[in-house]
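Subject: Structure handover

Hello,

My notes on what was found in it come after it.

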Amino acid sequence: MNAAFQTPRPLRLNEHAPDFRARTTQGDVSLSDYRGRWLVLFSHPADFTPVCTSEFMAFAQAAAEFAALDCALLALSIDGLYAHLAWIRDINERWGVAIDFPIIEDPSMAIAQGYGMLAPDAADSATARITYVIDPEGVIRAMNWYPMEVGRSVPELLRLVAALQTSDRHAVATPEGWRPGSPVLERVETDASKASAIQPRDGESWYFRWRPCP
């Protein structure tokens, strides 16, 4: 495994995700292989755990929806490659769900520590439950961290990717609970003279203005 990490601190929004090269269930993968596409990178503390199993099945069942957004899926679990293979085989045999996205092995926890998921002196891998949304330039645009007992929402991650893409493409903001096709918000004008010239419609303000979904 080859990782280009400089610090174990947690990563921040709008930073470039550190590149790495690692073995996966679909061969060797580098993070830079995904440049030019959106990527959801999601990590797990261990194989054969109930919450993680439910998430794997949900991600697999939504893979076509992520693909429609030109967004790839890449999982990471602290266990080794053969444990990964046994896990996804069991998921397929018991529940009929094929896990078609690659799963990174990280038994030395080099990637988890390099991304700041784990403290250098962490007693276990319980905190390796984070999801990164990475844009085509390799920049971290969103992340969320969950405890072991609480499953992530795959529909919310789909919504998040779609919202980021809409915001980038049309220079707009998306309101609470936004869904594709719903109205969006104009970005706030930060130039004082331009802000003063805005004439909002009824029910709006200079800083809160609706726009039909592009």
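Helix 1 (residues 50-61) and helix 3 (residues 81-95) pack with their axes 11 Å apart, at an angle of about 70°. Axes here are lines fitted to C-alpha atoms, for helices over the stretch in contact, and angles run from 0 to 180 degrees between N-to-C directions. The two helices are therefore roughly perpendicular to each other (angles of 65 to 115 degrees; under 35 is roughly parallel, over 145 roughly antiparallel, the rest oblique). On the helix 1 side, Cys-52, Thr-53, Phe-56 and Met-57 meet Trp-87, Ile-91 and Trp-95 of helix 3, where contact means heavy atoms within 4.5 Å. The residues of this contact divide into 6 nonpolar, 1 polar and no charged (nonpolar: Ala, Val, Leu, Ile, Met, Phe, Trp, Tyr, Cys and Pro; charged: Asp, Glu, Lys and Arg; polar: the others, Gly among them).

The model is predicted: local features need pLDDT of at least 70 and side-chain atom pairs count only at pLDDT 80 or more, while totals for chains, interfaces and linings use all residues. Residues are numbered from 1 along each chain as its sequence is written, and side-chain values use heavy atoms, with hydrogens and water left out.

Thr-53 of helix 1 counts as buried, at 10% relative accessibility (buried is under 20% relative accessible area, exposed over 50%, partly exposed in between; 1.4 Å probe, protein chains only). Leaving aside neighbours within four places in sequence, Thr-53 is in contact with Trp-87, Ile-91 and Trp-95.

For the whole chain, the secondary structure comes to 6 helices and 11 strands (DSSP runs numbered from the N terminus: helices are H or I, at least four residues; strands are E, at least two). Buried residues make up 44% of the 214 residues, and the C-alpha trace spans about 65 × 40 × 30 Å along its principal axes.

Helix 5 (residues 154-170) has 17 residues, which at 1.5 Å a residue should span 24 Å, and its end C-alpha atoms are 24 Å apart, in agreement. The expected span is 1.5 Å times one less than the number of residues. Among the buried residues of helix 5 are Arg-159 and Gln-165. Ala-171, with a positive phi near 55°, follows this helix.

Two loop residues also have a positive phi although neither is a glycine. Asp-70, at about 55°, lies between helix 2 (63-68) and strand 5 (71-77). Met-109, at about 60°, lies between strand 6 (103-105) and helix 4 (110-114). Asp-70 counts as partly exposed at 37% relative accessibility, and so does Met-109 at 22%.

Regards
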